[in-house]
Amino acid sequence: MAVSGEAQRLRGMTTYRLQRGLGRMSLYVVLIVGAVVMLLPFFWMLSTSFKTLVDAMRIPPIWIPSPLQWQNYPAAWHAAPFARYFFNSFFISSMTMVGEVITCIFAGYAFAKMKFFGKHVLFLLVLATFMIPGHMLLVPSYVLVRGLGWYDTYWALIMPWITSGFGIFLMRQFFRTLPDELWDAARIDGCPRVRYVLQIAVPMVRPGIATVALLQFINSWNSFLWVLIMTDSPLMRTIPVGLRFFQMEAGTEYPMLMAASTMAIVPVIILFFFAQKHFVRGLARTGVK
Amino acid sequence: MAGRRGLRNPRALRESGEAYLYLLPAFFILGLFTFYPFVDAFRMSFQNVRTGVRIDGQLIPFFREYIGLTNFQILFRDRHFLQALTQTSIYVAISVPLTLGLALLLATALNQALRMRAFFRLAYFIPYITPVVALAMVWTWIYHDRVGLLNYILGLFGISRMRWLNDPSLALPAIILFNVLRYVGYQALILLAGMQNIERTYYEAARVDGASPAKAWRHITVPLLTPQLFFVFLISLMGAYRIFDEVFILFAGGAGPLGSARTIVFYLYDQAFNNFRLGRAAAASVVLFGIIFVLALFQITVTQRRVHYDQ
């Protein structure tokens, strides 16, 4: 009786191990299938971008075209002023990134480490921006931008985006981790606060700054509707808006469309690849606590 | 108390002054481009607004005049607005829980998987950081009626061809599929970060008490993850109501077959920038804000009772 009980327990353990092993394997199978589903559109985009129009329309599809039709890239590049679109996107994204970093460093530091009248109310205002849907501001912003005479200029694409409630909040969270003694020591040595912030505090929260900068750069790079309504001339278009107009012109020239999409996506993926750490850190910070 | 007394001494006063200087650039921009337009949106929703644009070569001078509730009255009699409201709500009601549910499962799986984590992170996260316009363009190709990749793959499983972007009943499913894939990895990474913050000791205690992994997941992981779940739910709810870019590209700047892809923001855009009815568009945006505000309030009150905070 006791022996058979023991045997049963042992058999139970083996099945448990077996189940665990199977579970582990099916876990990876599911994750890999999911990853393939995620990456397939990108592969398909790349694959199509190297095909002739005729090959692109074949069923069953050709997965890896041969020979590779490289000429789709220069063709797309010259079919629309993509060089200008790239310049605009780089310029606008870089400027908003720099602006965002500067304004958020100072505002974030003030909220994290300084005492001032009305701090609580002002910080609530920063948090309140999270609740305002950006699309609600489109129409009044359009009227405002027209009123300022900024319609169809870089000003309209840069100035409204050189700060954000989220960036201020994030920088505050990072500055709060610095010990107060650091500033006390600097102050006793007669260091003015601005110098302390820029030369001592800022280097210590470099990861936070990288996160804020990256998120802003990507946001600007991907921004569509704002640029669509605030600009008129082709010279002011960014890549997403340029792509949209190219879509209207190219119609069903899918290989060229996919080549253009690839050109728009690659910079972001390179950026992500080298800065994954900061993205993930930013994400972890966005969770409450 | 100390702070209040502190304000009378000159050093604290100087600190206040310096702090305001630090805040000035950020608040100047927020004031001009967030708070002012926010208030102005409400004002405009009660106005007839024309801006200095050319319509058929004729310059319409800028003017605004109060017309009471007219915009809202027109809005709620407008078939297209009601359609936009209904369709956006259906989209939100399906895609938000669906994405979050899948993200929770995905995060659980990623939490178990020790190998290839960097690869998975990259694969699942890429759709989220990709410019949505470019990705949507790729999907117009994948959804192609005749030679699209999706129909080909479905065909392998014996499912007959579907006219994804040309059939009124498939427009919403097409948008939902696109966005579930786009957001699931992002949401999973936030949840994963939360899971990795849960103390190991809880799980050890559960194992000692003989709880199965499934039980531990149900009674430890999920309850302790509620702050993150709540956060993700709220931002995706607010985000989903604002859907526009992907729809605009997928349906080539239109509202889809029979308007089946018309969303609130599309309606807003169409009214303001194709028909130059800025007041009515502002009214639509106020309705959008109202919906999001009520949902957020509801969420927050529920959370007060339900969220388990660690510590």
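**Where chains A and B meet**

In this predicted model, a salt bridge joins the side chains of B:E15 and A:R193, with 3.3 Å from N to O. Between chain A and chain B, the count of salt bridges is two, and 11 residue pairs are in polar contact, both residues being at pLDDT 80 or more. On the side of chain A that touches chain B, helix α1 (residues 2–49) of chain A gives the most, with 17 residues. Sorted by class, this side of chain A has 72 nonpolar, 15 polar and eight charged residues.

The extent of the interface comes next. Here 95 residues of chain A are in contact with 98 residues of chain B. About 8900 Å² is buried between the two chains, and carbon and sulfur atoms give 80% of this area. Of the area that chain A buries against chain B, 8% comes from A:M38, A:M131 and A:M136, more than from any other three residues.

A closer look at one residue brings both chains into view. B:T140 lies in helix α6 (residues 132–142) of chain B and is buried, since its relative accessible area is 9%. Beyond its neighbours within four places in sequence, B:T140 contacts A:Q247 and A:Y254 as well as B:L165, B:I249 and B:L250.

Key:
Residues numbered from 1 in each chain as written. Chains lettered and ligands numbered in written order. Predicted model: local features only at pLDDT ≥ 70, side-chain atom pairs only at ≥ 80, totals over all residues. Heavy atoms only, no water. Helix = DSSP H or I, 4+ residues; strand = E, 2+ residues; numbered from the N terminus. Buried < 20%, exposed > 50% of the residue type's maximum accessible area, 1.4 Å probe, protein only. Contact = heavy atoms within 4.5 Å. Buried area = accessible area lost by both parts, 1.4 Å probe. Salt bridge = Lys/Arg side-chain N within 4 Å of Asp/Glu carboxyl O. Polar contact = N/O pair within 3.5 Å; in protein donor to acceptor, adjacent residues only side chain to side chain. Nonpolar A, V, L, I, M, F, W, Y, C, P; charged D, E, K, R; others polar.
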